[in-house]
Amino acid sequence: MNQLYLASTSNTPEVDFDFPTRRLMLKGESYPESAAAFYGDILSQTAEFLGSLKNEDLQVIVQLNYFNSSSTKMLFSFFDRLNQAAEAGNRIMLDWHHDVDDETILEFGLEVAEDFPAIEFHAHALES
Amino acid sequence: MTHESLSQDINPCFPGLDENLIFFYAGYFSQNIINAIGDSVRLRIGQSDASGSVRRKIFSTFIEMAQNIVHYSSDSLTPPEQTNLEMRAGSVLVTHVDNAFLILCANPVSQAFAEQLTPQLEPLRVMSSEQIKDAYRKALRSETSESSKGAGLGLLTIAKDSSAPIEYGFNPMGNGMLMFTLKATI
């Protein structure tokens, strides 16, 4: 599969899903008018990619400054799919970057770590 | 100039809240307008002495409220069935009163929509912050309801960040519609 790349906008993150090198990155802001519309195609391409992996390593980097409630729901589905791929024998490493004083994003990350234990979760606090 | 006439001048939507006003906007909201206002709210809050955590909660509450207006206000410039590039009317206010930031929003809704909203809002007024967190965790893991254009998580997100119970009201507008107002305290 080819790389999926979307440049950031004021309300959507940079999406750099480099499927060939097994590295997926989301970075920036996420509060589109419709998170379902924005993430729909990204999630379906990712699901297709994950289905093709067999005993491989995948690095996922999430560095979001802010995400709204509907994006939160989409991210949760994304991690659910990553967890399924991990349970199927792949090694999924999630680097979760959050601002040092952003308890909301850290708490959401911890929810993800709790719900999806097959993912190797690493939280990184960033100084603002 | 008396305080009353000043409040008429600055903010006609939320009486008595003009002192220490940080931000007020009334009119049509679209995603582009939210982006622009969001930048301005971030800058204004950044100039206050609020902690990083408080600033983030104010911004998040503002975005959830403004996006609710774009999705659900009954005063729509775009056709009601259109689900992207929507433009709908409402107002949002941010002010600083007694060491707390208040964020209020208002938009017209139909009677039927008010009846859908009330059972979602009323429990949030009586739940403890732990109960709100639990409800949020459940909603995050549940399927999105059909009437929701977002995730059904928006009101819970607002309630979770509010340090006091959220307040809401529906006031008859005379044209059969109700003016819905919602208030959060950060």
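Residues are numbered from 1 along each chain as its sequence is written, chains are lettered from A and ligands numbered from 1 in the order in which they are written. Since the model is predicted, local features need pLDDT of at least 70 and side-chain atom pairs count only at pLDDT 80 or more, whereas totals for chains, interfaces and linings use all residues.

Chain A has three helices and six strands, helices (H or I, at least four residues) and strands (E, at least two) being DSSP runs numbered from the N terminus. From the N terminus on, its elements are arranged as β-β-β-α-β-α-β-α-β. The radius of gyration of chain A is 14 Å, close to the 14 Å given by the globule rule for 128 residues, so chain A is as compact as a globular protein of that length; the radius is taken over C-alpha atoms, and the rule is 2.2 Å times the number of residues to the power 0.38. The C-alpha atoms of chain A fill a box of roughly 35 × 25 × 20 Å along the principal axes. Of its 128 residues, 36% count as buried, a residue being buried if 20 or more other C-beta atoms, placed from the backbone, lie within 10 Å of its own, exposed if 12 or fewer do, and partly exposed in between.

Chain B contains six helices and five strands, which follow the pattern α-β-α-α-β-β-α-α-α-β-β along the sequence. For its 186 residues a compact globule would have a radius of gyration near 16 Å, and the 16 Å of chain B agrees with this. The C-alpha trace of chain B spans about 50 × 40 × 30 Å along its principal axes, and buried residues make up 37% of the chain.

The five strands form an open, antiparallel sheet in the order β1-β2-β3-β5-β4 of chain B, where two strands pair if DSSP finds at least two bridges between them. Its edge strands, each pairing on one side only, are β1 (21-29) and β4 (167-172) of chain B, and the twist averages 15° from one strand to the next. Within the sheet, strand β3 (residues 100-109) and strand β5 (residues 178-185) of chain B run antiparallel and are joined by eight bridges, with Ala106(B) standing opposite Thr181(B) of β5(B). Leu104(B), also found in β3 of chain B, is buried, with 21 other C-beta atoms within 10 Å. Leaving aside neighbours within four places in sequence, the contacts of Leu104(B) are Phe14(B), Leu93(B), Thr181(B), Leu182(B) and Lys183(B), contact meaning that the C-beta atoms of two residues, placed from the backbone, lie within 7 Å.

Helix α3 (residues 52-72) of chain B lies across β1, β2 (88-97), β3 and β5 of chain B, running at about 5° to β3(B); axes are lines fitted to C-alpha atoms, for helices over the stretch in contact, and angles run from 0 to 180 degrees between N-to-C directions. The 21 residues of α3(B) reach 30 Å from first C-alpha to last, close to the 30 Å expected at 1.5 Å a residue, the expected span being 1.5 Å times one less than the number of residues. This helix is mostly covered, with 17 of its 21 residues buried.

Between the chains, 20 residues of chain A are in contact with 22 residues of chain B. On the side of chain A that touches chain B, α2(A) gives the most, with five residues.
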